[in-house]
Amino acid sequence: MKRSIVALASGTIFGFGLALSGMMNPLRVRGFLDLFGNWDPTLAFVMGGALAVMAVAWQIQKRMHVPLVCDEFSLPGTKLIDNKLIGGSVLFGIGWGIAGLCPGPAIASLATSFVPAAIFVASMLAGMGIFRMVESKF
Amino acid sequence: MTLPGFPGAAPVEGLVGGLLIGLAAAIMLLGAGRIAGVSGMAARAVGLSKGGAPWPMAALFVGGLALGAAVYTTFVGPVEAAFPPTAGWLIAGGLVVGFGTRMGSGCTSGHGVCGMSRLSPRSMLATATFIVSGMVTVAIINALGWGWS
């Protein structure tokens, strides 16, 4: 029950923050990526605010033995820098530039701009499914 | 408030929204001990990921994203959004974003917000890579005269 509340609260505050930040507007996100055109730096402010809070959170995390409502921390431990990380990030950037959407704002937009958001999210899940099928080749 | 030189930017809304996104990620980290990475949670919620968060947690987090946006439109105001004009852009972008975020193990939230603030070299490299890749993509699209606005 406590875990459910934490997950729902985190997701809801995240979605509210996305809506307030302007990051649910693909045109604004594309504006950030349009460095050589009419550049819109708003995304940098969003990232700066999020990083400031999370930098403090990681300092608190170091002093905790267990999280508040779960038995242990389940955090990524890999430090591997490989072609999969770089190749995947290059592809993600291409898609981000094409549509002006990344996964968080796309899912949040299901509540506000259902048709375009649903087309993007369905395609995104299909892309995830295709990767799942070919994953063993990487 | 506007930013000198960038009349279209929304620095205050961006910063406050960013602080809330950071708070959300901090609640997930300190509460549940997990990374608030949207691509991973979404894959988990629809059964496209073996590991990761327990299913109810992933589903509630992902559902919360849409709920939070709905709360905003109900109590604050409409969300301004201009989407690509044709389904082709959305489908192409979505497919590549889905494939790429799984292949690269994260997106703007997991690598960008959570990993960079942890000073993870892996996440910093991933974030720099997808930002540069996105900028090159937009530059190419604009150079071809295919840009939408």
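**Salt bridges, folds and voids**

Guide: Over all chains, the count comes to two salt bridges, where a salt bridge is a side-chain nitrogen of Lys or Arg within 4 Å of a carboxyl oxygen of Asp or Glu. This is a predicted model, so local features need pLDDT of at least 70 and side-chain atom pairs count only at pLDDT 80 or more, while totals for chains, interfaces and linings use all residues. Residues are numbered from 1 along each chain as its sequence is written, chains are lettered from A and ligands numbered from 1 in the order in which they are written, and side-chain values use heavy atoms, with hydrogens and water left out.

Visitor: Which residue does Asp71(A) form a salt bridge with?

Guide: The partner is Arg3(A), with the closest N and O atoms 3.8 Å apart. Asp71(A) sits in the loop between helix 3 and helix 4 (83–99) of chain A and Arg3(A) in helix 1 of that chain, so the pair ties together parts that are 68 residues apart in sequence.

Visitor: How many helices and strands does chain A have?

Guide: Chain A has six helices and zero strands; helices (H or I, at least four residues) and strands (E, at least two) are DSSP runs, numbered from the N terminus. The C-alpha atoms of chain A fill a box of roughly 45 × 40 × 30 Å along the principal axes.

Visitor: And what about chain B?

Guide: Chain B has six helices and zero strands. Its C-alpha box is roughly 45 × 35 × 30 Å, taken along the principal axes.

Visitor: Moving on to voids. How many cavities of 30 Å³ or more are there?

Guide: One. On a 1 Å grid over the protein atoms alone, a cavity is a set of points where a 1.4 Å probe fits but cannot get out, and a pocket is an open set with protein on both sides within 12 Å along at least five of seven lines; lining residues have an atom within 4 Å of a point. The largest cavity has a volume of about 200 Å³, a volume being the space filled by probe spheres set on grid points joined across faces, edges and corners.

Visitor: What lines the largest cavity?

Guide: There are 17 lining residues, and Leu18(A), Val46(A), Cys102(A), Ile21(B) and Thr108(B) lie nearest the centre. Helix 3 of chain A gives the largest share, four residues. By class the lining has 14 nonpolar, three polar and no charged residues; Ala, Val, Leu, Ile, Met, Phe, Trp, Tyr, Cys and Pro count as nonpolar, Asp, Glu, Lys and Arg as charged, and the others, Gly among them, as polar.

Visitor: How much space lies in the largest pocket?

Guide: About 1000 Å³. Its lining has 39 residues, with Pro76(A), Ile35(B), Ser105(B), Gly106(B) and Arg122(B) nearest the centre. Helix 2 of chain B supplies the largest share, five residues.

Visitor: What's the split by class there?

Guide: The lining of the largest pocket has 13 nonpolar, 16 polar and 10 charged residues.

Visitor: And the second largest pocket, what volume?

Guide: About 290 Å³. The second largest pocket is lined by 16 residues, and Leu27(A), Arg28(A), Asn38(A), Asp40(A) and Gly8(B) are nearest its centre. That lining divides into six nonpolar, five polar and five charged residues.
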